[in-house]
Amino acid sequence: MSDDQFAAAIAAHPVLDNVGDLARLLSQLPQDMALTLDQHVRADPAEPAEMYTITPRLVGMVNDETAQTVPGLQLGTVYVPADGDDDAQAAAAVRRDLLPEDLLARAGARILDGRDLQAGLKDLTGLLQEVGLLLGEGAKWLSRDDPAMTSLQVEADRIRHAAARITQLADTVEAPEW
């Protein structure tokens, strides 16, 4: 089977809603084809009403025995428009530009891949705000006379202040054009 045939078989099943959909796809692929899972849930931050779906992708994988790149099947989890028809959901599921939903992974994709420095910094500030909130909430479980409670609250405030400063900086930075 050629790469084009693999791609066509996978493209015919953009959304896997149930085991039967997956079985139909797998029946069209070689049994020894490499399989992997996308480690990130992907989403379009601009899409407000979304629902999960599973989507297959053709990816290149390194064969352990030959060290050659071979076609593999990657199963990923993607948010698609909840109010969209099947075609709209399929179109969203196969998009290759969707970023990870997780703040740290999304920030890494935006910053390390050079996609969008400002947005990546703002993703990081969201993560810092969550860390500050959790530290502050965790401190509440300690007794008021425990010195760790005060220290944790101080660190939570510092993290929240750092997030606010980074948010301000994010609005002023300009990523270099490559």
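This dialogue goes through the fold of a predicted model and then some of its residues.

Reader: What kind of model is this, and how are residues numbered?

Author: The model is predicted, so local features need pLDDT of at least 70 and side-chain atom pairs count only at pLDDT 80 or more, while totals for chains, interfaces and linings use all residues. Residues are numbered from 1 along each chain as its sequence is written, and side-chain values use heavy atoms, with hydrogens and water left out.

Reader: How many helices and strands does the protein chain have?

Author: Helices (H or I, at least four residues) and strands (E, at least two) are DSSP runs, numbered from the N terminus. The protein chain has 6 helices and 4 strands, and their pattern along the sequence is α-α-β-β-β-α-β-α-α-α. Its radius of gyration is 22 Å, well over the 16 Å that the globule rule gives for 178 residues, so the chain is more spread out than a compact globule. That radius is taken over C-alpha atoms, and the globule rule is 2.2 Å times the number of residues to the power 0.38. The C-alpha trace spans about 65 × 45 × 45 Å along its principal axes.

Reader: What share of the residues of the protein chain count as buried?

Author: Buried means under 20% relative accessible area, exposed over 50%, and partly exposed in between (1.4 Å probe, protein chains only). Of the 178 residues, 31% count as buried.

Reader: What is the strand order in the sheet?

Author: Strands of a sheet pair through backbone hydrogen bonds, either parallel or antiparallel. Two strands count as paired if DSSP finds at least two bridges between them. Here an open sheet of 4 strands has the order S2-S3-S1-S4, and the pairing is mixed. Strand S2 (50-62) and strand S4 (99-100) are the edge strands, each pairing on one side only.

Reader: Which way do the strands joined to S3 run, parallel or antiparallel?

Author: S2 and strand S3 (residues 69-81) run antiparallel and are joined by 13 bridges. In that pair, arginine 57 has glutamine 74 of S3 as its bridge partner, and proline 56 stands opposite leucine 75 in S3. S1 and S3 run parallel, with 6 bridges; the bridge partner of valine 41 in S3 is threonine 77.

Reader: Where does helix H1 lie?

Author: For such packing, contact means heavy atoms within 4.5 Å. Axes are lines fitted to C-alpha atoms, for helices over the stretch in contact, and angles run from 0 to 180 degrees between N-to-C directions. Helix H1 (residues 3-11) lies across S2 and S3, running at about 170° to S2. Helix H3 (residues 86-93) also packs on the sheet, where H3 touches S2 and S3 and makes about 130° with the direction of S3.

Reader: Which residues of helix H4 are buried?

Author: An α-helix has 3.6 residues a turn, so residues three or four places apart point the same way. In helix H4 (residues 103-112), the buried residues are Leu103, Ala105, Arg106, Ala107, Ala109 and Arg110. They pack against S1, S4 and helix H5 (117-139). At the start of H4, a side-chain oxygen of aspartate 102 comes within 3.3 Å of the backbone nitrogen of leucine 104. After H4 comes glycine 114, with a positive phi near 70°.

Reader: What phi does alanine 67 have?

Author: Most residues other than glycine have a negative phi, and most peptide bonds are trans. Alanine 67 has a positive phi of about 60° although it is not a glycine. The residue lies in the loop between S2 and S3, a hairpin with 6 residues between the strands. Alanine 67 is exposed, with a relative accessible area of 60%.

Reader: What does aspartate 44 touch?

Author: A polar contact is a pair of N or O atoms within 3.5 Å; within protein, one must be able to donate a hydrogen and the other to accept it, and residues adjacent in sequence count only if both atoms are side-chain atoms. Aspartate 44, in the loop between S1 and S2, has a side-chain polar contact of 2.8 Å with arginine 95. Leaving out residues up to four places away in sequence, aspartate 44 touches Glu50, Arg95 and Leu98.
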